[in-house]
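Trainee: Could you take me through a single part of this model in detail, starting from one residue and its surroundings?

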Amino acid sequence: MQLKIALPNKGRLADEVRELFNDAGLEVRARGERALTASLGGEFEAIFVRAQDIPEFVADGAAHAGVTGWDLVNEAGRELDLLMDLEFGRCRLVVAAREESGLATPDDVKEGMRVASCFPRLTQEFFAKRGQRVTVVPVSGAAEIAPHLGIADIVVDLTSTGSTLKMNGLREVATVLESSARLVACKGNTVDAQRKLGELTQALGSVLAARDKRYLMANVPKDALIQVREVLPGLNGPTVVDVLDGGDFVAVHAVVPAKTIYRTINALKSLGCEGILVTRIERLMA
């Protein structure tokens, strides 16, 4: 039996999800750009729907699992199993007010104020937990314009850098939720489906784990091994291999952080290392 995986049908999130699945060996093979389904290999089939509909599709059993934003999962309020954080699509759901409003903290929000948001459920819950009664004004998009039009006093909206809010004369007052892309599953899945989804999670996780790592190899002077170990801690320490006719050198292999590779190479060169080679890693299984 093929498992159905609900994926976003458009937007930046959809592009990042497809890239991840392709890198994991689950190439999205659609018949055309507007295809509603696609093969992901022998055991999985993708169905393409709106990101905001994915929690409902998965919770109702129309799909065994799906990928969507954590903000949308919480807004839907459906019972789902969280399988993994995919670590991209990061953003925050925040309370924001006009610069000249005088609102600096959530405590400054007065009873009865109108709050515009595409996330009415999360907005209502946030203020209810604080014991504040507000009037939620549901909007379908561009919530940041609401205070300027007199539709609402404040907004609850998504932001990644805060630049759009500032551009529209708004400032953040509080964070409601931190979000990113998540892989979620139906709670009613069979044992066999759970096993297959476990394998899927492992495959996706191995790609994510490798993205910020590099595999480094170098010929290292034997008398510099102690210092090199400090430079190349690796996952469990560097691997040291004898080099045929290497003389005073041995080969050292290690997995290192990509963001520090420039400094790592310079440190190795200063210790007399030669033949330094750095390659990307497709997958990394801890």
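**The setting of His64**

Mentor: Beyond its neighbours within four places in sequence, His64 is in contact (heavy atoms within 4.5 Å) with Met1, Gln2, Leu3, Lys4, Val58, Ala185, Cys186, Asn189, Ala193 and Leu197. The model is predicted, so local features need pLDDT of at least 70 and side-chain atom pairs pLDDT 80 or more, while totals for chains, interfaces and linings use all residues. Residues are numbered from 1 along each chain as its sequence is written, and side-chain values use heavy atoms, without hydrogens and water.

His64 itself sits in the loop that joins α2 (54-59) to β5 (65-69); helices (H or I, at least four residues) and strands (E, at least two) are DSSP runs numbered from the N terminus. With a relative accessible area of 16%, His64 is buried (under 20%; exposed is over 50%, partly exposed in between, with a 1.4 Å probe and protein chains only).

Among the contacts of His64 are Ala193 and Leu197, and helix α7 spans residues 191-211. Val207, which also belongs to α7, is 143 residues from His64 along the chain, and their C-alpha atoms are 22 Å apart.

Helix α7 packs against helix α1 (residues 12-23) at an angle of about 100°, the two axes lying 9 Å apart. Helix α1 is therefore roughly perpendicular to α7 (65 to 115 degrees; under 35 is roughly parallel, over 145 roughly antiparallel, the rest oblique). Here axes are lines fitted to C-alpha atoms, for helices over the stretch in contact, and angles run from 0 to 180 degrees between N-to-C directions. On the α1 side, Glu19, Leu20, Phe21 and Asp23 take part, meeting Leu200, Leu204, Val207, Leu208 and Arg211 of α7.
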